[in-house]
Amino acid sequence: MTPYFYKAPVLTLDNVSMEYGGETVLRDISAQVLDVCRPNMNQGQVVGFYGRSGLGKSVLCRIMAGLITPTSGTVKVGIEQEEVTPGAVGFVQQQYPLFNHRTLQDNLLVAAARKYEPEEAKRQTDAYLERFQLSQHRKKYPAHLSGGQRQRAAIAQQLLCSDHLILLDEPFSGLDIAMIDEVKKIILEVTTMDELNTVVIVSHDIQTTTALADRLWLLGYERDASGRLLPGATISAQHQYNLAEMGLAWHENVEAEPEFNRFVELLKDEIRQSA
Ligand SMILES: Nc1ncnc2c1ncn2[C@@H]1O[C@H](COP(=O)(O)OP(=O)(O)OP(=O)(O)O)[C@@H](O)[C@H]1O
């Protein structure tokens, strides 16, 4: 097994709860992502975030992105562990927020201008276009890009204007097998760009996401000592999996290993029983 050690926290959820009109949707969620170092692997963290439909994944994502404030609890992001503010976290949702009347290049420039001075914004945009193999499409409008190109553009756009943490909502849905491989490559590319880059992937594609992840969070309901269902979904300690510890953190061909496949089956059972 590859050795590893922990450095500073890069994402901390501290007792996060959310209620809507008296209904508890999320209850006391505490979870942390630490910058894990593996020798010769300069890699950021990938968190796979699972949960049955309607349990509150989107709500928690919006809280982590600073777009809504939880009823109680805090979210701290980055190496400085500052409380999250809107815009600090990249959020790639299924309906990508590209401006249809601007070219791909201009879309990225608008995002970069939120963080950089004009000249640096241009340099960063060029670098991302190159890195995400989008340079030849820079003059195209979003409507003229393929689904995969739009996906790459949306990830580049969010990386350009956020500080290291990026949330991807269902990045594999509706893509063909080749495109899924391409998006996987992009995610790995994002994490190898900077050791502090953290990607949270919300997905129902357990196999693909687990292969990329070094940590998993499973949202589900818990029962009290007498077996009664507690209100609100949470991420209990036993449903926070540390794949580095299990020897299953992303590495070449992890998906071909029997141990990996056994774990994915076990996870699916856990998810079935979690609601
Ligand atoms: N603004 C709101 N007001 C009231 N209830 C809300 C609001 N937003 C979300 N909810 C409720 O919170 C619960 C969780 O919704 P959420 O969209 O986070 O689920 P999800 O896990 O992302 O589901 P899916 O996998 O189907 O997308 C649902 O019961 C939903 O009705």
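Student: In which sense do strand β7 and strand β8 pair?

Tutor: The model is a predicted one, in which local features need pLDDT of at least 70, side-chain atom pairs count only at pLDDT 80 or more, and totals for chains, interfaces and linings use all residues. Residues are numbered from 1 along each chain as its sequence is written. Strands (E, at least two residues) and helices (H or I, at least four residues) are DSSP runs numbered from the N terminus, and two strands pair if DSSP finds at least two bridges between them. Strand β7 covers residues 165–169 and strand β8 residues 198–202; five bridges link them, and the sense is parallel.

Student: Which residue of β8 is the bridge partner of I166?

Tutor: Strands of a sheet pair through backbone hydrogen bonds, either parallel or antiparallel. For I166, the bridge partner in β8 is V199.

Student: How many residues of strand β9 are buried?

Tutor: A residue is buried if 20 or more other C-beta atoms, placed from the backbone, lie within 10 Å of its own, exposed if 12 or fewer, and partly exposed in between. Both faces of β9 are covered, with R215, W217 and L219 buried on one side and L216 and L218 on the other. Strand β9 spans residues 215–219, and the number of its residues that are buried is five of five.

Student: Which residue stands opposite R215 in β10?

Tutor: Strand β9 is joined to strand β3 (residues 45–51) by five bridges in parallel, G48 having L216 as its partner in β9. With β10, β9 runs antiparallel, over three bridges. In β10, the residue opposite R215 is N242.

Student: Which residue in the turn of the β4 and β5 hairpin has a positive phi?

Tutor: Two bridges join β4 to strand β5 (residues 82–83), and these strands run antiparallel. V77 has E82 as its bridge partner in β5. Four residues lie between the two strands of the hairpin, and the one in the turn with a positive phi, about 80°, is G78.

Student: Is V75 buried or exposed?

Tutor: V75 belongs to strand β4 (residues 72–77). Leaving aside neighbours within four places in sequence, its contacts are L13, V16, I63, M64, E83 and V84. Because 23 other C-beta atoms lie within 10 Å, V75 is buried.

Student: Is N15 buried or exposed?

Tutor: N15 lies in strand β1 (residues 5–20), and it has a positive phi of about 50° although it is not a glycine. Because 12 other C-beta atoms lie within 10 Å, N15 is exposed.

Student: At what angle do helix α3 and helix α4 pack?

Tutor: Two packed helices are described by the angle between their axes and the distance between the axes. For helix α3 (residues 118–131) and helix α4 (residues 147–161), the axes are 10 Å apart and the angle is about 145°. The contact is made by Q124, T125 and Y128 of α3 and by A156, L159 and L160 of α4. To return to the value requested, the angle is about 145°.

Student: Which helix gives the most to the shell around the ligand?

Tutor: A residue is near a molecule if its C-beta atom, placed from the backbone, lies within 6 Å of it. The residues around the ligand are Y20, V25, G51, S53, G54, L55, G56, K57, S58 and V59. With three residues, the helix that gives the most is α1 (residues 57–64).

How values were computed. Axes are lines fitted to C-alpha atoms, for helices over the stretch in contact, and angles run from 0 to 180 degrees between N-to-C directions. Two residues are in contact if their C-beta atoms, placed from the backbone, lie within 7 Å.
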